[in-house]
Structure formats: structure tokens, C-alpha cells
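Notebook open, structure on screen. I'm jotting down what I look up as I go.

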Amino acid sequence: NEFNSLNKFARIAAAISITHSKPLVDDFINYPGPSPAALVAMEAENLKRVKLMESSSSKQSKVAQIDPRTNEVLFVWASVEKAAAALSIPAKDITHVIKG
């Protein structure tokens, strides 16, 4: 296939020339990485993902938000209620995840 022999930027030029619509410049700002819109969507998804940990010393659930790409801890809340308020997620949903 002739297309596969092209380098990355030549592929973009070829793809643009064979489409019927004008490309959105914003989609190529971070090329070859995700577009800014995709980064915003990933961040929104990240805010919805929380990992829950139990504190062995206090028997109170702590809630930690983990970045799914790097596995780094972003935030830790002292209680389910505080995490629910910060993330705009019902506390009962977080409690359900804790209990499995």
C-alpha cells in the first residue's frame, strides 16, 4: 500500500487531500499525541475514576484519585463524603464501590 510507505506528516497531508471536509486545525495541535479536545475528555474521565483505600488504623475509608495513565495519586480525601462533594458523585455510589 502506497499510504503505509509515507511518513507521519505525509500521511496527514494525503488524508487531508482526499477528504471532503476541511480539517480542524485544533485536532493537529499535539500531533501525534491526542488533540486538546481529547485531552479534556481524558481529564474528565480521570475525574470520574477514583480508587478507594481503607485506612487500617482508623477504619475510616479514605478515597484516592489515581491518574490511569501514570498511576500517580492525584488527590486523597479523608472521607467518602468529602470525595463525593469534590467530585460531584453521590456518596452512595462511592460507598458501593468500596464494598464491592
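This is a predicted model: local features need pLDDT of at least 70, side-chain atom pairs count only at pLDDT 80 or more; totals for chains, interfaces and linings use all residues.

Is Pro36 buried, exposed or partly exposed? I looked up its relative accessibility and got 30%, so Pro36 counts as partly exposed. The cut-offs explain that, because buried means under 20% and exposed means over 50%.

**Entry: the overall layout**

I went through the chain and found 4 helices and 3 strands. Starting from the N terminus, the order reads α-α-β-β-β-α-α. The chain has 100 residues, and 20% of them count as buried. I also checked contacts between residues at least 6 apart in sequence: 14% of these join residues at least 24 apart.

Setting aside neighbours within four places in sequence, Pro36 is in contact with Asp26, Ile29 and Asn30. I checked one of those pairs by C-alpha atoms: Pro36 and Asp26 are 10 residues apart in sequence and 7.0 Å apart in space.

Next I clicked on Ser35, in the loop between α1 (8-17) and α2 (36-48). Is Ser35 buried or exposed? Its relative accessibility is 13%, so Ser35 counts as buried. Not counting residues up to four places away in sequence, Ser35 touches Asp26, Asp27 and Asn30. Asp26 and Asn30 turn up in the contact lists of both Ser35 and Pro36.

**Entry: Ile12**

Ile12 belongs to helix α1. I read off 17% relative accessibility, so Ile12 counts as buried. Which residues does Ile12 contact, leaving aside neighbours within four places in sequence? The answer is Phe28 and Tyr31.

**Entry: the nonpolar core**

I then looked for the largest nonpolar core. Which residues make it up? There are 8 in all: Val63, Trp77, Val80, Ala83, Ala84, Leu87, Ile89 and Ile94. Helix α3 (residues 80-87) gives the largest share of this core, 4 residues. I wrote a general reminder beside that: in soluble globular proteins, nonpolar side chains tend to be buried together.

Leaving out neighbours within four places in sequence, Trp77 is in contact with Lys62, Val63, Gln65, Lys82, Ala83, Ala86 and Leu87.

**Entry: α3 against α4**

Two packed helices are described by the angle between their axes and the distance between the axes. So I looked up both for this pair. Helix α3 packs with helix α4 (residues 91-99) at an angle of about 125 degrees, and their axes are 9 Å apart. That makes α3 and α4 oblique to each other. Their crossing is right-handed.

Where do the two helices meet? On the α3 side I found Val80, Ala83 and Ala84, and on the α4 side Ala91, Ile94, Thr95 and Ile98. These contact residues divide into 6 nonpolar, 1 polar and no charged.

**Entry: Ser88**

Last stop is Ser88, in the loop between α3 and α4. Its phi is near 55 degrees, a positive value in a residue other than glycine. Is Ser88 buried or exposed? With a relative accessible area of 67%, Ser88 is exposed.

Terms used
Residues are numbered from 1 along each chain as its sequence is written. Side-chain values use heavy atoms; hydrogens and water are left out. Buried means under 20% relative accessible area, exposed over 50%, partly exposed in between (1.4 Å probe, protein chains only). Contact means heavy atoms within 4.5 Å. A nonpolar core is a set of buried Ala, Val, Leu, Ile, Met, Phe, Trp, Tyr and Cys residues joined through side-chain atoms within 4.5 Å. Axes are lines fitted to C-alpha atoms, for helices over the stretch in contact, and angles run from 0 to 180 degrees between N-to-C directions. Angles under 35 degrees count as roughly parallel, over 145 as roughly antiparallel, 65 to 115 as roughly perpendicular and the rest as oblique. A crossing is left-handed if the near helix is turned anticlockwise from the far one by less than a right angle, and right-handed if clockwise. Ala, Val, Leu, Ile, Met, Phe, Trp, Tyr, Cys and Pro count as nonpolar, Asp, Glu, Lys and Arg as charged, and the others, Gly among them, as polar.
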